[in-house]
Amino acid sequence: KKSIKEDTINYDNNIFICSKYKDISIINNKSIDDKEIFKKITAFLDEYTKKIVIDTETGVDESAEISVFEANFLNTDKKEYAVSYRKRIAFDRYASGIFIVNEIGKVAYNVVEFASEFNYYKLIGVVDYNGDGQYELLGESGYYEGLGYDLYQLKGDKYEVIASGFYWGV
């Protein structure tokens, strides 16, 4: 603990990431709050959300949960954002996806392809897991009766899950 420069515990979600690397960053779990940037960076979601079909028979009427985190994801000198979208569309179905978006709102990577399915995926934070200056994505994946956590890292030309855990459910 003494060699870690910052506290790596996310007390809001009771999440702790252990790393063999000394330069792990603190978990950033605060979505951006600038409304203009949020609107510009998430505008691409309209292309996906207009295709969502809500199951009106189950009475599900939940708002979409959209998170946007700013960090260095692609090792460029420009602003980059991780964006996640999750909306419950039926008792046992979700529409969700996770993306890396550049400063003009163009999708650079589909981390988790947008889909309407039994499982959901959403971002809960970003962390520089290995101290290389390029942030990894901390996600939650689940379904209506359970959830777990995934750590995504850019490997070559795609994001891969490098760690997962604490899955529970029925």
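This is a predicted model: local features need pLDDT of at least 70, side-chain atom pairs count only at pLDDT 80 or more; totals for chains, interfaces and linings use all residues.
## Overall layout

The protein chain holds 2 helices and 10 strands. Along the sequence, they follow the pattern β-β-α-α-β-β-β-β-β-β-β-β. The chain has 170 residues, and 44% of them count as buried.

Its accessible surface comes to about 9700 Å². Carbon and sulfur atoms account for 48% of that surface. Among contacts with a separation of 6 or more, 48% link residues 24 or more positions apart.

## The open sheet

Four strands make up an open sheet, in the order β3-β4-β5-β6, with antiparallel pairing. Strands β3 (65-70) and β6 (107-117) stand at the edges. Each has a single partner strand, so one side of each is left without a neighbour in the sheet. On average, neighbouring strands of this sheet are turned by 10° against each other, direction ignored.

Strands of a sheet pair through backbone hydrogen bonds. Here, 6 bridges join β3 to β4 (residues 80-90) in the antiparallel sense. Within this pair, Val-68 stands opposite Val-83 of β4. Helix α1 (residues 35-42) lies across β3, β4 and β5 (93-102). The helix runs at about 105° to β3.

## Val-112 in strand β6

Val-112 belongs to strand β6. Is this residue buried or exposed? Its relative accessible area is 12%, under the 20% cut-off, so Val-112 counts as buried.

Which residues touch it? Leaving aside neighbours within four places in sequence, Val-112 is in contact with Gly-97, Ile-98, Tyr-121 and Tyr-152. The C-alpha atoms of Val-112 and Phe-99 are separated by 6.8 Å. Those two residues are 13 residues apart along the chain.

Glu-136, Leu-138, Glu-140 and Gly-142 point one way from the strand. Leu-137, Gly-139, Ser-141 and Tyr-143 point the other way. Both sets are buried.

β8 runs antiparallel to β7 (residues 120-127), and 7 bridges join the two. In this pairing, Lys-122 has Glu-140 of β8 as its bridge partner. Another 7 bridges join β8 to β9 (residues 146-155), again antiparallel. There, the bridge partner of Gly-139 is Asp-150 in β9. β8 and β9 form a hairpin, with 2 residues between them.

## Aromatic pairs

The count comes to 11 aromatic pairs. One of them joins Phe-118 and Tyr-143, which are stacked. Their centres lie 5.2 Å apart, with 25° between the planes. Phe-118 lies in the loop between β6 and β7, and Tyr-143 in strand β8, so the pair ties together parts that are 25 residues apart in sequence. Phe-118 is partly exposed, at 38% relative accessible area. Tyr-143 counts as buried, at 18%.

Tyr-143 also pairs with Tyr-144. Their ring centres are 6.0 Å apart and the planes stand at 85°, so this pair is edge-to-face. Tyr-144 is partly exposed, with 29% relative accessibility.

## A cluster and a charge

Which residues form one aromatic cluster? They are Phe-44, Tyr-48, Tyr-85, Phe-99 and Phe-114. Elsewhere in the model, a charge meets a ring: the charged end of Arg-86 sits over the ring of Tyr-120. That charged end is 4.5 Å from the centre of the Tyr-120 ring.

Technical notes
Residues are numbered from 1 along each chain as its sequence is written. Side-chain values use heavy atoms; hydrogens and water are left out. Buried means under 20% relative accessible area, exposed over 50%, partly exposed in between (1.4 Å probe, protein chains only). Two strands pair if DSSP finds at least two bridges between them. Axes are lines fitted to C-alpha atoms, for helices over the stretch in contact, and angles run from 0 to 180 degrees between N-to-C directions. Contact means heavy atoms within 4.5 Å. Accessible areas come from the Shrake-Rupley method with a 1.4 Å probe; for residues, only the protein chains shown count as cover. Rings of Phe, Tyr and Trp (its six-membered ring) pair if their centres lie within 6.5 Å; planes under 30 degrees apart count as stacked, over 60 as edge-to-face and the rest as tilted. A charge sits over a ring if NZ of Lys or CZ of Arg is within 6 Å of the ring centre and within 35 degrees of the ring normal.
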